[in-house]
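Today I am opening a new page in my notebook. Come along while I look things up, starting with the ligand and moving on to the domains.

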Amino acid sequence: MNKHIREMVPYSSARDEFSGHADIYLDANESWLGGNDGINRYPDPLCRKLRKEIEKTLGIPYQMTAVGNGSDEIIDMLIRIFCEPGKDSVMIERPTYGEYSVLASLNNVAVIDVPLQESLQLDKSGMLKAIAERKLKILFICSPNNPTGIVYSLDDIAELADCNEGITVVDEAYSDFSEDFRSAVSLIESNKRVVVMRTLSKAWGLAGARIGIMAADPEIIAVFNKAKAPYNVSRLGQDAAIGALVNIEAEKAVVDEIRRERKRLGAFLLLLPYIRWVIPSEANFILAGVDDPGRFCSYLASCGIVVRNRSSEPLLSGGVRITIGSEEENMKLEEALVGYSKMQEEGPVCR
Ligand code: PMP
């Protein structure tokens, strides 16, 4: 941990200093304007009610969780807490989620990039070598990975984390969509340097509320809470998150539908003449290789459907990432995909 973080005196907010119940709150310079739902009041800095719900629904012990303004905030805070700008480095395995390297750069922290193997699996021996040669402060591993949808072996992750003297952050943003998923949360007990991230932005439908969850040893949780902005997660966000977690049946239904649609769309894509490959995904998206990704994406956009061109990423030549939509959305997508086949044979058909 950075020395200045260890030594800093954290901000003490009004809600840190008094967290009981009072009839009249005149301690935080709030307003009485705003109404009965409490939106005129600052939120709980430690998201206590939400974390109790996380413990109940996700099974992660209360003292091992903290909540961020999206997992993006957690990535940024971990880099700021553990890496010294201009001196330390983090490791990523490209292609992966772009924010690890962007936030490292923002904090003037070097990024060591160990590319994935051709199979899009981790290059474990390359990573172990880089870990041994370059003392890392943070190793980021995204599983299931974005944009491939591939889940890495938990045993490999455990071995890498054990060899890494720094922090290993396992980003499980898409884990809800994976069947028989083995979470790295189970590693924390024997390796206190493991940090796991989850988010309510994907399976729980709360991307706009910005709720990221960090699971870690209580010592790391305490440092995060010390360093973060006092009211980093809004009251609206905390309430929405509690509402979503309580309604686990709705989440399960959506995840079931996404898994079904993922299978169906994957099989459908493979029948199309211009699709070169489809990666079996355990996330809520499919990565497929097409002959001319730029033209393909423009065509779909002209049909009112936006997908993500990932073809400039290493190892992903021709790669386009398609989020699994609802059954109805996917039917429209499939219609457009057939239209694209026809257009290649006959000229434009989609207005
Ligand atoms: N991790 C991964 C792998 C992601 O793909 C994303 C969002 N695309 C995030 C984290 C960010 O999640 P959040 O909305 O919680 O900031």
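Predicted model: local features only at pLDDT ≥ 70, side-chain atom pairs only at ≥ 80, totals over all residues.

Residues are numbered from 1 along each chain as its sequence is written, and side-chain values use heavy atoms, with hydrogens and water left out.

**Entry 1: polar atoms at the ligand.** Which side chains put a polar atom 2.6 Å from an oxygen atom of the ligand? I found Thr-199 and Ser-201. For Tyr-174, a polar side-chain atom lies 2.7 Å from a ligand oxygen. The protein covers 91% of the 400 Å² of accessible area that the ligand has on its own (Shrake-Rupley method, 1.4 Å probe; for residues, only the protein chains shown count as cover).

**Entry 2: two domains.** I then checked the domain assignment, which gives domain 1 (3-246) and domain 2 (249-341); such bounds come from an automatic or database assignment. Their centres, taken over C-alpha atoms, are 29 Å apart. Domain 1 brings 21 residues to the contact and domain 2 brings 19, where contact means heavy atoms within 4.5 Å.

**Entry 3: the buried area.** About 1,800 Å² is buried between domain 1 and domain 2, and carbon and sulfur atoms give 62% of that. Buried area is the accessible area (1.4 Å probe) that two parts lose on being put together, summed over both. Pro-147, Phe-177 and Glu-179 supply 32% of what domain 1 buries against domain 2, more than any other three residues.

**Entry 4: a salt bridge.** How many salt bridges does the rule find across the interface of domain 1 and domain 2? I noted 1. Arg-262 also forms a salt bridge with Glu-179, with the closest N and O atoms 3.7 Å apart (the rule: a side-chain nitrogen of Lys or Arg within 4 Å of a carboxyl oxygen of Asp or Glu).

Methods
Polar contact = N/O pair within 3.5 Å; in protein donor to acceptor, adjacent residues only side chain to side chain.
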